[in-house]
Amino acid sequence: MKNKCGMFLLCLMVGVLLFEVVTNFDMVYAESSVAKLPAPELVSVTYEDHSYTVPASTSIDPFTGKTVENPVYRVDDRKLTIVINKKNVDTTDSRVYYKLRMKGSFSNEWSVIVGQVAPSSDSPLTTLVFTSFPQHYEGTEGKLTYTEGSGTFYLPFEGKADFQVSVEKWGIKIIPGSLIPGTSSYTNVLVAESDWSNIKTINMGNSNGETPNQSSSGQKPSSSSQSGEQSEGVIAGFSLVECGLLVTVVLVVILLIVVTLFYRRKMSLNLSGG
């Protein structure tokens, strides 16, 4: 009997949490609307590669006097400079950000390389500088990092790459508790966004001697299943009574969700009609 009561209370708690999540999601989805911002301009994307190779050499160990073989290694020294013009975008709000994406020029697959970069507050132009990682970081060959904040991505040493930028404005929405009066929570919501800007292309050079230049516009699912006889009156390890309680709780939660959504939809129609 004690096990059955515990099972019922567990099902009830899960049902309440499910109801809270679904109703809050519906509230955020129904009330939030994303406005349109003017697209920023990608003024320029400039690429510089000053990397070099240090040839193999020998040296004398100062403690043993033995000859030490120093293998050849490469020093990455690259810089990518991106200049963005916000144009008519109002960046006085502290939660306005640029989003940058890149793709290979011979592909249609874009990849966001920096998700949130704050625009410059005192100028219409914002300059982003990405540089190579210092040599003492292992596993970072070919990667560039944003010098003024977070953002790391891989850029090959040869070929061509395209870049675009967009702008987003984020806000905070307060969500009142639907089950416990006086409680609330909050979530970050996208308030407004722009289309992607014009495209800028850079040439990283290639093995044929072409030099870099700056930007131009331009496991299989298993089919096996366990078999075995179950004892009479037991389904998946639960008694018939426990299964009945679980089904009842689930049905009650679904009914509450349907009634809540119907009531909100009706209130919305009444308000819009009035």
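This is a predicted model: local features need pLDDT of at least 70, side-chain atom pairs count only at pLDDT 80 or more; totals for chains, interfaces and linings use all residues.
Is Asp76 buried or exposed, and what is its relative accessible area? Asp76 is buried, with a relative accessible area of 13%.

1. Overall content. The protein chain holds two helices and 18 strands. It has 274 residues, of which 28% count as buried. Its accessible surface comes to about 18300 Å², and 58% of that surface belongs to carbon and sulfur atoms.

2. Arg74 and Asp76 form a salt bridge, with the closest N and O atoms 3.0 Å apart. The two partners sit on either side of the burial cut-off, which is 20% relative accessible area: Asp76 is buried at 13%, whereas Arg74 is partly exposed at 32%. Arg74 also lies over the face of Phe157, 4.2 Å from the ring centre. Arg78 lies over the face of Phe157 as well, at 4.1 Å from the ring centre.

3. Glu168 counts as buried, at 8% relative accessibility. Another salt bridge is formed by the side chains of Lys103 and Asp162, at 2.8 Å from N to O. That pair links distant parts of the chain, with Lys103 in strand β8 and Asp162 in strand β13, 59 residues apart. Lys103 is buried, with a relative accessible area of 10%, and Asp162 is buried at 6%. In general, side chains of opposite charge can pair when their charged atoms come close.

4. Strand β8 and its hairpin. Strand β8 covers residues 96-104, and seven of its nine residues are buried, so the strand is largely enclosed by the rest of the structure. A hairpin of six residues joins β8 to β9. The two strands pair in the antiparallel sense over four bridges, β9 covering residues 111-117. Within this pairing, Leu100 stands opposite Val114 in β9.

5. Strand β10 and its neighbours. Strand β10 (residues 125-132) is joined to strand β7 (residues 78-85) by seven bridges, and the two run antiparallel. Val83 stands opposite Thr127 in β10. Strand β10 is also joined to strand β11 (residues 143-146), by three bridges and again antiparallel. There, Thr131 has Thr145 in β11 as its bridge partner.

6. What are the ring geometries around Phe130? The count of aromatic pairs comes to two. The rings of Phe130 and Tyr146 have centres 5.4 Å apart and planes at 40 degrees, so this pair is tilted. It links Phe130 in strand β10 with Tyr146 in strand β11, 16 residues apart. The rings of Phe130 and Phe153 also have centres 5.4 Å apart, but their planes are at 75 degrees, so the pair is edge-to-face. This second pair links Phe130 in strand β10 with Phe153 in strand β12 (residues 152-154), 23 residues apart. Phe130, Tyr146 and Phe153 form one aromatic cluster. Phe130 and Tyr146 are both buried; the relative accessibility of Phe130 is 0%, and Phe153 counts as buried at 6%.

7. Two loop residues. Lys87 lies in the loop between β7 and β8. Lys87 has a positive phi of about 55 degrees although it is not a glycine, and it counts as partly exposed at 49% relative accessibility. Leu155 lies in the loop between β12 and β13. Leu155 is buried, with a relative accessible area of 0%. The C-alpha atoms of Leu155 and Met204 are separated by 8.9 Å, the two residues being 49 residues apart along the chain.

8. Nonpolar surface patch. Val247, Val250, Leu251 and Ile254 make a nonpolar surface patch of about 360 Å². Of these, Val247 has its place in helix α2, residues 240-273. Val247 counts as partly exposed, at 49% relative accessibility.

Methods
Residues are numbered from 1 along each chain as its sequence is written. Side-chain values use heavy atoms; hydrogens and water are left out. Two strands pair if DSSP finds at least two bridges between them. Rings of Phe, Tyr and Trp (its six-membered ring) pair if their centres lie within 6.5 Å; planes under 30 degrees apart count as stacked, over 60 as edge-to-face and the rest as tilted. Buried means under 20% relative accessible area, exposed over 50%, partly exposed in between (1.4 Å probe, protein chains only). A charge sits over a ring if NZ of Lys or CZ of Arg is within 6 Å of the ring centre and within 35 degrees of the ring normal. Patches are made of residues with over 30% relative accessible area and no salt bridge: like charges are joined within 9 Å, nonpolar side chains (Val, Leu, Ile, Met, Phe, Trp, Tyr) within 5 Å. Accessible areas come from the Shrake-Rupley method with a 1.4 Å probe; for residues, only the protein chains shown count as cover. A salt bridge is a side-chain nitrogen of Lys or Arg within 4 Å of a carboxyl oxygen of Asp or Glu.
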